Amino acid sequence: MSSRARGRARRGRGRGRCSVAENEMDHHETSAPSTPSTTSDREDNVGFTPEQVHVACYAGPPEPSSSTLLNPKINHRSDAIFGDQALEQLKLRHHKPLKFHERYRPYLRDAGLLGLSQICQRMPQLDKALITALVERWRPETHSFHLASGEMTVTLQDVAMLFALPIDGRPVCSSTDHDYGQMVLDCLGHDPRGQSMPGKSFLHYKWLKKHFYELPEGVDDHTVQRHVRAYILSLLCGVLFPDGTGRMSLIYLPLIADLSLVGTYSWGSAALAFLYRALCSAASSHNMKNIGGSLLLLQLWSWEHSHVGRPLARSSSLVETDIPQDSPPIGFRWVGARAQSENATRCLKQYRDELNLQRADQLKWEPYMLIESSSLPPLCTKDADLWITQAPLINFPIVEMYLPERVMRQFGLRQCIPPPFRPTLQTLHRISRRGRERENWEETHHEYIQEWEARRQRIFREAEQYDLSSYDEYLQWYSGATRRYLVPSTGDDAEAGLLSPPDDSSDLQYKAKSPMIRKAVDKLHGMMKKAKTAMASAADTATQALVFEFLHGFEDVLSDLGEIKESGGPAAPPFDSATGSAAAHHEPLLLLEADQNIICDNQEGQYQEDEDLHTMEQATLGLEPMDEHTEDVDQAGHPAEMENGVQVVEPMSTCEENNGFDVAPSPQESADVKLEGDDVATAEHEDVEEENNNGCNGAPSSHP
């Protein structure tokens, strides 16, 4: 396709009726432009993926032709951050469900939707800044978040444990060739046709709320069932499958017409498919303003796995009940939780910075491991064998690849390095209901439905228990395959995050520190390399000792920043796939060898210095006490070094202390504090803690 023809395709998208349409969910209208045309998308896949035809969902040996996981043809939202472009926070599209009534309980229990209903009765406040920051980390190529410490994603396990939704069951897919106005009349008893139905299969939420918000007292069972259908429709279209238009889709109404069959569908896999599509759509465009999907699921997943943006949780999710199915799921412990800060703009910058600084030990890879299954509803663990199936996720026009083999650590299993590559089939992202309102999606997606029906034959079984020793190897591969750090790259001021306007509101802007820390780490690695060379060539033992002291200081700072493991092994150097540069490796063993050489060379001189010092101490016994002089020496030397260290380590302390992770100090840190003296260390610690508390005005955080 020529550049002129490609331009016409871009300008003309969204017009007319076409069978394969924009990168949206199942809705028809949107104010934001979408991704390139179908033809260019096929070209993108040809240039990036190793296979251009549909393949089975088994993980296979083929690898990408390039070492990078990122498709350069995708207009990813994070590219704007590297270009220092201003991005608006996404508007969250969702609806609060109708009011719950106790007479709904048996129907919801049989439908497998009671756990979701329990959470929605006091729905947590959604954090717009946190969800926007997560979207910037989502990669459509792998259906996972590319964090600084590795890939993570929302899995079927998360859906089951947080919401207690059924995973096993029929795919949420059927024909959309219905008269939905008549179907609303038959199922709900009211005729919505007119202004309440802006499209053939859409309904304004205010109409549903007007007629079914609350169940009247003393009504018969037939009226209760109508209200139950309306309530379930509000759960599906308002919480699990809200689209970017803010309206309610009626395509799910035929599936809930017979209340006895509602529980036979895989609502969990359908919710995950819809969320994947919403994340892919929002992440693939700089101009996308709205996001749908189960944002409640995304936010609870983030709070369970990460300290970033996490509020206080309830102390316990236990509810007294004699019916096991009525026990609330894990997500219930976040009911009533509120976002950390009212200043969403400041929080977005803070969340970006914290995600850049996040270490592997600050993530909860298996947050549900210690929870007793007996305290949960059976649906939370009933379909545990399907958590690592490789079957596709289906929700009417939406088909999304489910890739648990990329995040095996979340299941406590060993991660293949590199993970088996399966393309996410970007052409599937173009399929929507635009121009296909009367489509039989069971026939359209027949091949993928067959794969879902064989879901238990597609379980990923070639996995061993996770081995922490393999993480360094994984991180080395991962660093060269993606972008671990999202920071501007347009100059020193931009990298330092100093682009806030010089007005009265500038003191409210969050100053990102991660770009400065990344730059400092790179410089420290370079200085250490030069210092090793200088120490090897220096003949003077005093110079060697001085250089050796500098090296130890550099190592301490890098250890505090998480760039050197506590065990002494080197952390993987930061790598930016865009520039192809990597920081030099640090070898602590060289420091040990140099230390031994210096001790051997200066052993006789040290003995003489010790003897002279002992003689001086004996001579001072008859003189005035030297407490004041010793105090002056400390003030002239050590506190200055401590202050400089605090300036570099401060961002890490902020993230660790104010976001619910209690990270124990390393042995090297403890040794440094003892060298400074208990009083000085205590005073400095109090100063840092007070400064951190003043610098983060959000709600207190704690991990559950």
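Student: How many bridges link strand 2 and strand 3, and in which sense do they pair?
Tutor: Keep in mind that this is a predicted model. Arg139 stands opposite Ser144 in strand 3. The pairing of strand 2 with strand 3 is antiparallel, and the bridge count is 2.

Student: Which residue in the turn between strand 2 and strand 3 has a positive phi?
Tutor: These two strands make a hairpin, with 4 residues separating them. Look in that turn for a phi of about 55 degrees, and you land on His143.

Student: OK, and over how many bridges do strand 3 and strand 4 pair?
Tutor: That's a hairpin too, with 2 residues between the strands. The sense is antiparallel, and the number of bridges is 3.

Student: So what is the strand order in this open sheet?
Tutor: Strand 2 (138-139) and strand 4 (150-152) are the edges, each pairing on one side only. The sheet has 3 strands with antiparallel pairing, and the order is 2-3-4.

Student: Are the side chains of strand 3 buried or exposed?
Tutor: Take the faces in turn: Ser144 and His146 sit on one side, Phe145 and Leu147 on the other. The cut-off for buried is under 20% relative accessible area. Both faces are covered, and these four residues are all buried.

Student: Which helix lies across strand 3 and strand 4?
Tutor: There are 26 helices in the protein to pick from. The one you want spans residues 471-479 and runs at about 90 degrees to strand 4. That's helix 17.

Methods
Residues numbered from 1 in each chain as written. Predicted model: local features only at pLDDT ≥ 70, side-chain atom pairs only at ≥ 80, totals over all residues. Heavy atoms only, no water. Pairing = 2+ DSSP bridges. Contact = heavy atoms within 4.5 Å. Axes fitted to C-alpha atoms, helices over the stretch in contact; angles between N-to-C directions. Buried < 20%, exposed > 50% of the residue type's maximum accessible area, 1.4 Å probe, protein only.
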